[in-house]
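Let us walk through a protein model piece by piece. Keep the viewer open and find each part as it comes up.

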Amino acid sequence: MLLRLALAGSRTDTVRVVLTGLSAALATLAILAALTVLAIPTVLDGGSNVSPQYRNPLIAEAGLRVGVAATLVLLTIPVLVLAGQCARLGAPARDRRLAAYRMAGAGPRQAVAIAATEAALASGLGALAGLGLHLVGRQLLGTPGADGKLALPTDVLPPVWQLAVVVAGVPVLAGLIAMLLLRRVVLTPYGVVRRVRTRPPRPWAGLLILGGLGTAALLPPLAQYLDRSGRSMPYELFGLVVLVAELAVTLGVIVGTGWISHVTGRLLHRFARRPAGLLAARRLTADPWTGSRTLAALLAAVLFGAFAAGLRIRMSTEFAAEAEYARRSAEVSGLPYEPWDTTFYQGAYDLVYLALTIALVIAAGGLLVALAESIVSRRRAMAALVATGVPRAVLGRALAWQTLTPAVAGIVLAAGTGITLQRGLYDREVSSGWGTVCREASPTDCVELPAVVRTVPLPLDDLAGFVGVALAVVLSLLLVNLLLLRTSTAVEELRAT
Amino acid sequence: MSFLGTRAAVRSYGPTPALRGVTVDVAEGEILAVTGPSGCGKSTLLHCLAGIMRVDAGEVFYRGRRIDTSSEGERARLRRTEFGVLFQFGQLVAELTAAENVALPLLLAGARRREARTAALAWLDRLGVADLADQHPGEMSGGQQQRCALARALVTEPRVLFADEPTGALDTLAGEQVLGHLVRLAREQRTTVVLVTHDARVAGYADREVTLRDGVLDPTGLGIAAVRR
């Protein structure tokens, strides 16, 4: 019976179920891919941990696999956010259905259980589909290429218990998230009441950002101190600090966007002269968390992108310094200068950028759902405004203000925080070489060759790229929603319930 | 040609006809009640007269000019400047305060914020809800919300007020209060009112009543208010 009630509903409910299932399938695929990479047995080949059957060095080299797996798991974050946004799709119709169940005698917990069952069922089907896709994909892509090597680790499979945990865990998690999302909702027989946080956001998110950046900034002096005392920083400690700092600043940026929305809403309300600004200002202050909720995945992707851009330019600067030292050394020694092939490392960052682009696309899906839902849930009031003569252009400008204000501020903040964190964690200067080089022709004729020192520049091009792509995503979704605004303000909506 | 009206207006929703050749005239300063059972086309007639929707055939005119052939922009400007519209419920913007909701049409017309707020406060005062100026619709009763909505509909001092079941969602006392204000202010300002209702008591406030049945005017001319009397 619980299943029947959970699967009852309108076309919007069906769309929500399908999107939730799709999100679960994507998340399952990403987690299974990560587990598969980690399941590759470590093979000692002449002293190095390389699995020669794979073409891609990121998979072949055991030391890089944890990073690949971590990137794949990080991809599930925007997927989970998308699933969370899908849960809001068609919320008014679902709320009425849940109220009807209450009217028919269901208790509040039973109504919540029905909603959670819907999410769990859809996610369960999605997880099974994800497992099926993984197994089918494994067969389809499992043929070695002309070089006899595999493009992906299709020759290994995670242990069965891990597959079972993922397929069972994803729907359980989805059900729990659905229950969590309904925690502020009071289901009554007469309708659904959402408890709104009336207290305006506080700027404590700034403390999280400062705390994260401060923690990161402590690392270089600590490393220098340990270096002076003849010790080196444990890799695990470095990794832990980076993880904690990244989590703190990411959370700070996401929560901080709520505060920024509130403050910009207040400023806009004070200075706006036209109705569009006034409408947007009031909406921003009425629910400042909408911005942070809808933009969370996008902001996280931009923050990680900025961090990766900082790492990439640092690596390129290091390579340039090493190449310069090698060239000078070759000049002195008279040996031929042979530049290093850095294609592999650049390729690794290309893959990271590709993963971040995928994350941005998935985040865009969540944002599209959230923006569309915000219009649909207000369609009656907006249709009434249009009927009283408010031009749709005014509503469109209000929507643009309301969307772009937190988006622009949040994206710039995320990019700035990401690059600041990276530059706090790593020295801003790199050096290569330092030593005595002797001429090939006369081995006793040696000179002291100083190290080549380079200052790591800001990755302005890549930062502009991430910020630009994120803003382009928001702008294009805004344009789509402006089209939706037109249909949602049709006079027929005045009769909608 | 009368002040406001339709000639043989036809309007359908897909295969379902809502208006089947309705001709109605409204005199300037008149309060006209449009009555009839649910689904007879009352609201559709009001929407066509107010230029909210177009007719499929026939004509809609206002002050000697056809408005059914006007562009959406022109009709929106007309609704903003010459008409006021009042619905049953749901027309206030939830995030704006009562004063801001009432000031909105003035801001759209280009008024400065301070002037618009002053005018909004004066109208809220005339409707007895000045103390709610800084409250949001969610903090008000249905009757209070409807009085704010009436203030918003009248703040531009329109020549015509269109009211679609304005008391449909209110209890008797609140409904009487809103109607009392509506009729008093309309008389004071010589505002023409087109009032859609299925309530005989509400129709009784009007100068004249026309009744729609299945998309056509009832030829007997015997409306629900007249029957009640």
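Start with helix α11 of chain A, residues 275-286. Helices here are DSSP runs of H or I with at least four residues, strands are DSSP runs of E with at least two, and both are numbered from the N terminus. α11(A) has twelve residues and reaches 16 Å from its first C-alpha to its last. That is close to the 16 Å expected at 1.5 Å a residue. The expected span is 1.5 Å times one less than the number of residues.

A word on the model itself: it is predicted, so local features need pLDDT of at least 70, side-chain atom pairs count only at pLDDT 80 or more, and totals for chains, interfaces and linings use all residues. Residues are numbered from 1 along each chain as its sequence is written, while chains are lettered from A and ligands numbered from 1 in the order in which they are written.

Is α11(A) mostly covered or mostly uncovered? It is mostly covered, with nine of its twelve residues buried. A residue is buried if 20 or more other C-beta atoms lie within 10 Å of its own, exposed if 12 or fewer, and partly exposed in between; the C-beta atoms are placed from the backbone. Among the buried residues of α11(A) are Pro275(A), Leu278(A), Arg282(A) and Arg283(A). What do the buried residues pack against? In chain A, they pack against α10 (235-271) and α15 (392-425). From chain B, α3 (98-108) joins in.

That partner leads us to the meeting of the two chains. The contact takes 19 residues from chain B and 20 residues from chain A. Two residues are in contact if their C-beta atoms, placed from the backbone, lie within 7 Å. On the side of chain B that touches chain A, α2 (72-81) and α3 each supply at least two residues. α3(B) gives the most to this side, with four residues. By class, this side of chain B has eleven nonpolar, three polar and five charged residues. Ala, Val, Leu, Ile, Met, Phe, Trp, Tyr, Cys and Pro count as nonpolar; Asp, Glu, Lys and Arg count as charged; the others, Gly among them, count as polar.

Stay with α3(B). Within chain B, α3(B) packs with helix α5 (residues 142-154) at an angle of about 25 degrees, and their axes are 7 Å apart. Axes are lines fitted to C-alpha atoms, for helices over the stretch in contact, and angles run from 0 to 180 degrees between N-to-C directions. The two helices, α3(B) and α5(B), are therefore roughly parallel to each other. Angles under 35 degrees count as roughly parallel, over 145 as roughly antiparallel, 65 to 115 as roughly perpendicular and the rest as oblique. α3(B) passes α5(B) in a right-handed crossing. A crossing is right-handed if the near helix is turned clockwise from the far one by less than a right angle, and left-handed if anticlockwise. Residues of α3(B) in this contact include Ala98(B), Val102(B) and Leu104(B), and those of α5(B) include Cys148(B) and Ala151(B). By class, the contact has six nonpolar, one polar and one charged residues.

Now compare a helix pair in chain A. Helices α12 (residues 289-333) and α13 (residues 343-377) of chain A pack at an angle of about 170 degrees, with axes 9 Å apart. That makes α12(A) roughly antiparallel to α13(A). α12(A) passes α13(A) in a left-handed crossing. The residues of their contact divide into 18 nonpolar, five polar and one charged.

Step back to chain A as a whole. Chain A has 16 helices and eight strands. Its C-alpha trace spans about 95 × 60 × 45 Å along its principal axes. Of its 497 residues, 41% count as buried.

Finish with two residues in loops of chain B. Arg63(B) sits in the loop between β4 (57-62) and β5 (65-66). Its phi is positive, about 50 degrees, although Arg63(B) is not a glycine. Glu165(B) lies in the loop between β7 (160-164) and α6 (172-189). Glu165(B) also has a positive phi of about 50 degrees, and is not a glycine. Glu165(B) is buried, with 20.
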